[in-house]
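Colleague: I would like to go through the labels used for this model and the values behind them. Please set each value against its definition.

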Amino acid sequence: MTENLTIVDHPLIQHKLTILRNKDTPTAHFRQVIREVAILLGCEATKDLPLGNIEIETPLEAIKSPYLEGKKLCFVSILRAGNGLLDGLLDLIPSARVGHVGMYRDHETLEAHRYYFKTPDDLGGRQVIMVDPMLATGNTAIAAATELKNAGASALKFMCLVAAPEGVRAFNAAHPDVPIITAALDRELNDRGYILPGLGDAGDRIYGTKG
Ligand code: URA
């Protein structure tokens, strides 16, 4: 099966990812850098937004100039770590609508369970970009994408920071129509479902809730 996966290999992204991977990066810096990477990944995730032309006047002459053509967007954060990427996407496109999906991972079975779901009513008319920094087993992202499709989403993408091969395989198998955009494809999962080499628990790193 051909993977529906884009690894955004840009020097700025790879540099910033190294900062995020470093266990000594303090919380405030981590939060700032993940926001910056989200902006860079967001350019890739939105690169097929349709452009029309509008007439404007520069200080020198009238021209027809490219302008985003009314394609509505919705960013959906998978709580809580998704909020780290969401902030950067909203810096990039402040007018986008926002949804939140709360999924928790059962630490025994690693299965995802929904505890919160709030999105705009008109998901079907929007390009929906779902965000979560870590694509590990894929269980959470698969379940969140299913919930979004059940709520009407038809144009869906998934943007993450680091993906594991196991998660990419599982997600592509469950949602072959949903492109994955990531900064890195790492080696493997460990027996606790963490990505190696990874960057640890993204939520804890963003919010400083451990150590
Ligand atoms: N979630 C994380 O935050 N980190 C991992 O490595 C895997 C899942």
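Modeller: Axes are lines fitted to C-alpha atoms, for helices over the stretch in contact, and angles run from 0 to 180 degrees between N-to-C directions. Helices are DSSP runs of H or I with at least four residues, strands are runs of E with at least two, and both are numbered from the N terminus. This is a predicted model, in which local features need pLDDT of at least 70 and side-chain atom pairs count only at pLDDT 80 or more, while totals for chains, interfaces and linings use all residues. Residues are numbered from 1 along each chain as its sequence is written, and side-chain values use heavy atoms, with hydrogens and water left out.

Colleague: Why are α2 and α3 called oblique to each other?

Modeller: The axes of helix α2 (residues 27–45) and helix α3 (residues 82–92) cross at roughly 60° and come within 7 Å. Angles under 35 degrees count as roughly parallel, over 145 as roughly antiparallel, 65 to 115 as roughly perpendicular, and the rest as oblique. The pair is therefore oblique. The crossing of α2 past α3 is right-handed, meaning that the near helix is turned clockwise from the far one by less than a right angle.

Colleague: Which residues of α2 and α3 meet?

Modeller: Contact means heavy atoms within 4.5 Å. On α2 they are I34, R35, A38, I39, G42 and C43; on α3 they are G84, L85, D87, G88, L89, D91 and L92. These residues divide into seven nonpolar, three polar and three charged.

Colleague: What makes K157 count as buried or exposed?

Modeller: Buried means under 20% relative accessible area, exposed over 50%, and partly exposed in between, with a 1.4 Å probe and protein chains only. K157 has 8% relative accessibility and therefore counts as buried. K157 belongs to strand β9 (residues 155–159).

Colleague: What does the side chain of K157 reach?

Modeller: The backbone oxygen of A45, at 2.9 Å. Beyond its neighbours within four places in sequence, K157 is in contact with residues including A45, D48, Q127 and V178.

Colleague: Which peptide bond ending at R80 is cis?

Modeller: The one from L79 to R80, with omega near -5°. R80 lies in the loop between β4 (72–79) and α3.

Key. Nonpolar A, V, L, I, M, F, W, Y, C, P; charged D, E, K, R; others polar. Polar contact = N/O pair within 3.5 Å; in protein donor to acceptor, adjacent residues only side chain to side chain.
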